[in-house]
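Colleague: I would like to learn how to read a few features of a protein model. Please take them one at a time.

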Amino acid sequence: MRHILSMLVENESGALSRIAGLFSARGYNIESLTVAPTDEPTLSRMTLVTTGNDDIVEQIKKQLNKLIDVVKLQDLSEGEHIEREMMLIKLKAARPDREELKRLTEIFRAKIIDVTDASYVVELTGASKKLDAFIEAVPEGLITEVVRSGPTGISRGDKGLTL
Amino acid sequence: MDNGSKAEHSSMQLSGAEIIIQALIDEGIEYVFGYPGGAVLHIYDALFKRDEVKHILVRHEQGATHAADGYARATGEVGVCLVTSGPGATNAVTGIATAHMDSIPMVVLTGQVPTPVIGSDAFQEVDTVGITRPCVKHNFLVKRVEDLAATIKKAFFIAKSGRPGPVVVDIPKDVTDPSIRIPYRYPAEIALRSYNPAQRGHQGQIKKAVEKLLGAKRPVLYTGGGVVLGDGAAALTRLVRRLGYPITSTLMGLGAYPMTDKQFLGMLGMHGTYEANMAMHETDCLIAIGARFDDRVTGKIEHFCPHAEIIHVDVDPSCISKTVKVHVPIVGPVRSVLEDMLAVLEDPGTQPDRDALAAWWQQIDRWRSMDCLRYERTSQVIKPQFAVETLYKVTGGELFLTSDVGQHQMFAAQFYPFDKPRRWINSGGLGTMGFGLPAAMGVQLAFPDAPVACISGEASILMCIQEMATCKQYELPVKVILLNNGYMGMVRQWQEFFYESRYAHSYVDALPDFVRLAESFGHVGMRVDKPDELEAAMREAFGMKDRFVFLDVIVDPTENVYPMICAGKGHHEMELPPTMSERELA
């Protein structure tokens, strides 16, 4: 099963490689990993998507918690949460395809943020599945490149992952 | 310099190098095991000016780590190493990994090239923090002298608290610059917001565990190195006596419960006793304490304790249900959990099922009567088992015994019954050949008047043989008991069993003359090859209380370690000594 793990991590060099190294050393899956500083300068927020059966995910969480640099960990998949991923996608937009691509962008509530004679860059935010669906919907052969941020997430309700 | 109070320290102006030495003094560190080199010369210069910390000059950085490790295992204190950058650090990696696998508290100070040249492939530069990351509890790169004291404090705190382990502190040379002095303050206490090891077990879980234990018909305690590391031996012994239950131990836990006691079944696992492994297979209630269900202990997981409800006590939550699912997990320090269990058992109403227990002991005694450790006692060549038994006889069980890795290690675990913890010192998790001799140096320094021996094989001993020079320099009267069979015995045994006796490169051709080798290092060398001369030779060796003695014992080259659980088998599927007939096993 897919799990979204959200972590507060010491904002120190080496923290990222400790976490990445743990996954490779123990043979765990890692689908995506995003990391950026928070409002508290000594902390980074990391969102990690992994897959595995319950026993493996339990072990992943224990091993992550054991790392000295991991301050707090929450498995967002265990409760109500919001998941968002951003994608920038560059499309080949020659005259015959331009209208079709523009309609597609509107249907997905995406934005065209760069235009040339022969291309569009489209920005799209949403759950990962929505991004997958957009890629699927683009007519064959029109994708030049795909850049995805990997999912980030936050729990619903008034409680937060804080110190 | 006056080694005064913390308040006086706050007014001291120290360089980075001096801060390191002062911090070690403030930690109460007695010995540092190390080897100098370019990146640590400022630190060595600061060390030279102080005599509160004694430096032991090893002959290879691996020796420094094993010596610090042996010191830590014997005393329970943190072992400390100091090595230079590049090859100094990489040579230390084997010892760091050894300590990591067995959860040994250690602080390893490594020199690093100056901060301005980090990343430029400078002379003797390696990414020490990167290389050691997977085999440490934690590591640090200190980039500012202002961070040095607090980082060293953190390193010691992390190394010895919770589940202990090695911590590496990588220190660039410019951070130790003698011309830059800052006020020194060593924190008395330190708290880390991201690191809070469990202080006590959950009381509800502890009550539940005691209820399960009391309700058991065929209970077994299975204990590991965590009992030794967590100073839980006394509480464990009280618990086992209070319950009257059988107990078995892993290789790492030997001595936490007196091995000469009737309730002790011997070691379990791959080379465990018949009675211990059969009890594991038949038990209906297993309590694992400070043990981690290692593959050498469990055999094939699908066959592990098929009838048991399992209780697991460990300070490290990631140990729980890692390989074997447990029913009652208790996360907490072993000693405090055992004491809490004893408190629950103070109620006189809490009694085990006496009838069931009597029947269980009858069954165990039948298994025990198999005498699974039997060997040919009338042999004209020295059997390795006989050599260990003689070692026990000569030393009266009072020995600190370090070991290398292989058959001799297993024979020692089977035939030398330790009655106290921290007496049996070996590399269990990583299985590091070369561990024994330097580890013995650390133990001997910690206990200068105690008998310390290293049991080894002719293959293992050569991996850190250079440390005989260190033993000479510091006049360490270690006794090396070499079970010399001319083979890498355990490799040879596996090749005999699983590769149709094709002994690919397990025969150690061109061995040195160990007697003359020891003599050339300034020590006493002795050789014995007849069973009836062995005891006298050992008595003579241990009689030389102030000398390092290397006793080369020529043993049967083809002896195997039994019982043995082969790969993919369960506890009930042991290979027993060939002298045992099928009828006996029925």
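Colleague: What covers the buried residues of H16(B)?

Modeller: A residue counts as buried if 20 or more other C-beta atoms lie within 10 Å of its own, as exposed if 12 or fewer do, and as partly exposed in between, with C-beta atoms placed from the backbone. Helices (H or I, at least four residues) and strands (E, at least two) are DSSP runs, numbered from the N terminus. Here the cover of H16(B) includes helix H15 (384-395) and helix H19 (489-498) of chain B. It also includes strands E11 (264-267), E15 (400-403), E17 (452-457) and E18 (479-484) of chain B. This is a predicted model, in which local features need pLDDT of at least 70 and side-chain atom pairs count only at pLDDT 80 or more, while totals for chains, interfaces and linings use all residues. Residues are numbered from 1 along each chain as its sequence is written, and chains are lettered from A and ligands numbered from 1 in the order in which they are written.

Colleague: How many of the nine residues of helix H16 are buried?

Modeller: Eight of the nine, so helix H16 (residues 407-415) of chain B is largely enclosed by the rest of the structure. Among them are His408(B), Met410(B) and Phe411(B). Over chain B, buried residues make up 54% of the 586 residues.

Colleague: How many domains does the assignment give chain B?

Modeller: Domain bounds come from an automatic or database domain assignment. For chain B it gives domain 1 (6-183), domain 2 (203-368) and domain 3 (384-554). The C-alpha centres of domains 2 and 3 of chain B lie 31 Å apart.

Colleague: How many residues of domain 2 of chain B are in contact with domain 3 of chain B?

Modeller: Two residues are in contact if their C-beta atoms, placed from the backbone, lie within 7 Å. In this case 13 residues of domain 2 of chain B touch 13 of domain 3 of chain B. The domain 2 side has nine nonpolar, four polar and no charged residues. Ala, Val, Leu, Ile, Met, Phe, Trp, Tyr, Cys and Pro count as nonpolar, Asp, Glu, Lys and Arg as charged, and the others, Gly among them, as polar.

Colleague: Where do the chains come in?

Modeller: Twelve residues of chain B are in contact with 15 residues of chain A. On the chain B side, six are nonpolar, three polar and three charged.
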